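Please examine the sequence and the three-dimensional model shown here. The account that follows begins with a single side chain and then widens to the chain as a whole.

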Amino acid sequence: MLLVQFKNKEGARHVGILENDTLRVIDGFTTTYALAQAAIRSKQGLAALAEASAGSTTVAYADVTPLAPLDHEDAAHTYVTGTGLTHLGSADARDAMHKKIGGDVETLSDSMKMFRMGVEGGKPAAGEAGVQPEWFYKGDGSIVAATNEALAMPDFALDGGEEPEIAGLYVIGDDGQPYRLGYAIGNEFSDHVTERQNYLYLAHSKLRVCGVGPALLVGELPAHIDGVSRVLDTDGKVRWEKAFVSGENNMSHTIANLEHHHFKYQLFKRPGDVHVHFFGTATLSFADNISVQPGETFEVEAPAFGPALRNKLTVVETQVAQVKAL
């Protein structure tokens, strides 16, 4: 099942089940968050409640404004986070990577050591904890852009590059239990030039906006996901394009292990909060020496997630706050 949050032509919010190019509107719920909370409190599955609540009203996907697939009315109650060095990539990339991480571990960079740790211990037996992944914080709900919204890069950034990824979407129940609603396609977006200067700048490079959606895939993630990442020039022509793969068959960690090491922190089990957690990628235009320019558009598409995610890159002037002693 694919769920889409949207605004109709009158600006009213709705949630609908996407079936081909048509949305079947869910009655009684105007947000995915409210639908999820009702499912949690009534001990129902999200798909079952959505199906039971869908009425006879339909609307064409082309006639609505898609929103991010999950949000909170208070953006401060959404955590946007992610994990890196989790994907094995294509067969050729895997072979090259295994050659890089072979031999004496002490000769490896910290990144390669982390990747090797994931390959060796990221897929533990069911019910056990594996090695913890690289982890980063991106921001709160205010940084999430829906499809067709701009990705606003600060003017101090050295680069703005896409990272086509799958994100897990979660709501924390009243008792502190994390519930996964499903998954969405995303563009994690990062400043790769800043990160390349020094790996300790990774935290800075990740404090950027991101794109998520437009559809929420309810249920389990397929073990193999095929997708395509593109950069479109200002005329809408493809300037760069590359296939990417995701899903556990293409990862060095299980989803369960990545979730375990995120939600083991009490901070991330606050009742009512929303979490958007990116699972990593192995495909970047930056790796092919592409520098995306303002006015160009990122497009991330995977058939399992329905419509493509598209976001135009813009630059915003930084409003620097001078600290005053009180």
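Which side chain is joined to that of Asp191 by a polar contact of 2.8 Å? The partner is Thr194, whose side chain meets that of Asp191 at this distance; a polar contact is a pair of N or O atoms within 3.5 Å, where within protein one must be able to donate a hydrogen and the other to accept it, and residues adjacent in sequence count only if both atoms are side-chain atoms. The model is a predicted one, in which local features need pLDDT of at least 70 and side-chain atom pairs count only at pLDDT 80 or more, while totals for chains, interfaces and linings use all residues. Residues are numbered from 1 along each chain as its sequence is written, and side-chain values use heavy atoms, with hydrogens and water left out.

Asp191 belongs to the loop that links β11 (178-187) to α5 (192-197); helices (H or I, at least four residues) and strands (E, at least two) are DSSP runs numbered from the N terminus. With a relative accessible area of 0%, Asp191 is buried, a term that means under 20% relative accessible area, as against over 50% for exposed and in between for partly exposed (1.4 Å probe, protein chains only). Leaving aside residues up to four places away in sequence, Asp191 touches Ala157, Leu158, Asp159, Ser205 and Arg208, a contact being heavy atoms within 4.5 Å. Leu207, 16 residues from Asp191 in sequence, lies 8.7 Å from Asp191 in space, C-alpha to C-alpha.

Arg230 counts as buried because its relative accessibility is 14%. Its side chain makes polar contacts with the side chains of two glutamates: Glu241 at 2.5 Å and Glu301 at 3.0 Å. Beyond four places in sequence, the residues that Arg230 touches include Val238, Trp240, Thr297, Phe298 and Glu299.

The protein chain that holds both sites has seven helices and 18 strands. Of its 326 residues, 50% count as buried. Among contacts with a separation of 6 or more, 73% are between residues 24 or more positions apart. The radius of gyration of the protein chain is 20 Å, which agrees with the value near 20 Å for a compact globule of 326 residues; the radius is taken over C-alpha atoms, and the globule rule is 2.2 Å times the number of residues to the power 0.38. Along its principal axes, the C-alpha trace spans about 60 × 55 × 50 Å.
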